[in-house]
Amino acid sequence: MPRLLVTGGCGFIGANFVHYWLDRHPGDRVVVLDALTYAGNLKSLDAAREQDELRFVHADIRDQDLVAQLLVEESLDTVIHFAAESHVDRSIVRPDAFLEVNVLGTHSLLEAARSAWLSGQRQPRSHRFHHVSTDEVYGDLAPDEPAFSETAAYAPSSPYAASKAAADHLVRAYTRTFGLETSISNCSNNYGPFHYPEKLIPLALVNLLDGKQVPVYGDGSNVRDWLHVADHCRGIERVLERGPVGRTYNLGSGRERTNLEVIRTLCRTVDEAFEADLELRTRFPESWPSRGSSCTEAVTFVKDRPGHDRRYAVDARRAAAELDFRPEIDFDRGLRQTVRWFLDNEAWWRDIMDGSYRQWIESQYPST
């Protein structure tokens, strides 16, 4: 059975992956390493932390010696590297953090893995360093251009995308130069449970529930390919189980939507939820439906951000052919499930919004 180190396992996709893996692979050892910076939420792992198979380590991926020690003492043979600064808006304001974490952090992890797996006394017979990347490394597409394949040239637009592109190149170089057994997946936009409320869908949803405006950049015509996080986790599982060393896979849904279409679908979904469950009006008295308004009235257009890519889309045919990976959750159903999760887990996101979670985590880990 594989023994996993999951970096960034308290983040949105990382936490979902931990739950997914422990549910699908009972008995596997999973060590989560997370620095618990602003988007890392330890409470996202509350249910999983009750299992003996899970160990949480509060540390930075740039602590190379600690990571190498963990790989050896826990006899870990697989790294799934989620840890990253990932919000484009933040990368425009403070790009340095993205270089430090996404580039230097990935390099430190690669060096730790090389030390433990290729130079140490207890080398595993096989190992895998899987790097979770993004479709944003490819840049943007014109409306009539075909989706990006795995052989497309990199043309990142934002500091975030550039930092992830650099990390991808480092991972490939460590396979070519040192023989480290790696793989990469470039995913499209994710959505689902445990999504930090600064990204499009969770931010808009929280604003609707609190009776606030929902800002949409520009005219809302930017196009994205939306993949439910559970499908993404399943795709990574397929890469680990079936993908050869050195291979890159695009993981996407093939379901493109403009940002405005996404917001309008979200508004309709929230309106329908309030119609079906009248108790929600009591729980969320400031929400748009509770005030007798449709959620669509919350939509407001704001100035576009610098370097905003017009369209992302990935060609996932390689993953379908080689891994038998095809998304199973259509967008409308996945969005309904996501809305229901946020309605049922108000304490999780409310603690983030009012600062309670950050105060709690600082009391647990004073150096955070």
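Residues are numbered from 1 along each chain as its sequence is written. Because the model is predicted, local features need pLDDT of at least 70 and side-chain atom pairs count only at pLDDT 80 or more, whereas totals for chains, interfaces and linings use all residues; side-chain values use heavy atoms, with hydrogens and water left out.

**Stop 1: helices H2 and H4**

Select residues 64–73, helix H2, together with residues 95–118, helix H4. Helices here are DSSP runs (H or I, at least four residues) and strands likewise (E, at least two), numbered from the N terminus. Two packed helices are described by the angle between their axes and the distance between the axes. The axes of H2 and H4 come within 8 Å and cross at roughly 40 degrees. Axes are lines fitted to C-alpha atoms, for helices over the stretch in contact, with angles from 0 to 180 degrees between N-to-C directions. H2 and H4 are therefore oblique to each other; angles under 35 degrees count as roughly parallel, over 145 as roughly antiparallel, 65 to 115 as roughly perpendicular and the rest as oblique. The crossing of H2 and H4 is right-handed, a term used if the near helix is turned clockwise from the far one by less than a right angle, and left-handed if anticlockwise.

Next, display the side chains in the contact (heavy atoms within 4.5 Å). H2 contributes Gln64, Val67, Ala68, Leu71 and Val72, and the residues from H4 include Ser108, Leu109, Glu111 and Trp117. By class, this contact of H2 with H4 has nine nonpolar, three polar and one charged residues. Nonpolar covers Ala, Val, Leu, Ile, Met, Phe, Trp, Tyr, Cys and Pro; charged covers Asp, Glu, Lys and Arg; the others, Gly among them, are polar.

**Stop 2: histidine 131**

Select histidine 131 in strand S5, residues 128–134. Histidine 131 counts as buried because its relative accessibility is 0%; buried means under 20% relative accessible area, exposed over 50%, and partly exposed in between (1.4 Å probe, protein chains only). Leaving aside neighbours within four places in sequence, the contacts of histidine 131 include His81, Thr106, Lys164, Asp168 and Ser185.

**Stop 3: helix H6**

Move to helix H6, residues 200–209. Eight of the 10 residues of H6 are buried, among them Ile201, Pro202, Asn207 and Leu209. These buried residues pack against S7, strand S8 (214–217), strand S9 (223–228), helix H8 (259–276), helix H11 (331–344) and H12.

Now keep H6 and H8 in view: they pack at an angle of about 40 degrees, with their axes 10 Å apart. That makes H6 oblique to H8, and the crossing is right-handed. The contact includes Leu200, Ala204 and Leu208 of H6 and Val262, Leu266 and Phe274 of H8. Its residues divide into 12 nonpolar, one polar and no charged. After H6 comes glycine 211, with a positive phi near 75 degrees.

**Stop 4: aromatic pairs**

The whole structure holds 19 aromatic pairs. Rings of Phe, Tyr and Trp (its six-membered ring) pair if their centres lie within 6.5 Å; planes under 30 degrees apart count as stacked, over 60 as edge-to-face and the rest as tilted. Select phenylalanine 194 and tryptophan 348, an edge-to-face pair at 5.9 Å centre to centre with 75 degrees between the planes. Phenylalanine 194 lies in the loop between strand S7 (189–191) and H6, and tryptophan 348 in helix H12 (residues 346–353), so the pair ties together parts that are 154 residues apart in sequence. Phenylalanine 194 counts as buried at 14% relative accessibility, and tryptophan 348 is buried at 11%.

Then select phenylalanine 284 and tryptophan 349, a stacked pair at 6.4 Å centre to centre with 15 degrees between the planes. Both phenylalanine 284 and tryptophan 349 are buried. Returning to phenylalanine 194, ring pairs link Phe194, Trp341, Phe342 and Trp348 into a cluster. Phenylalanine 194 also has a positive phi, near 65 degrees, in a residue other than glycine.

**Stop 5**

Aspartate 324 is in the loop between helix H10 (317–323) and H11. Although not a glycine, aspartate 324 has a positive phi of about 55 degrees. Aspartate 324 counts as partly exposed, at 41% relative accessibility.

Finally, select glutamate 275 in helix H8, which counts as exposed at 58% relative accessibility. Its C-alpha atom is separated by 9.9 Å from that of serine 290, 15 residues apart along the chain.
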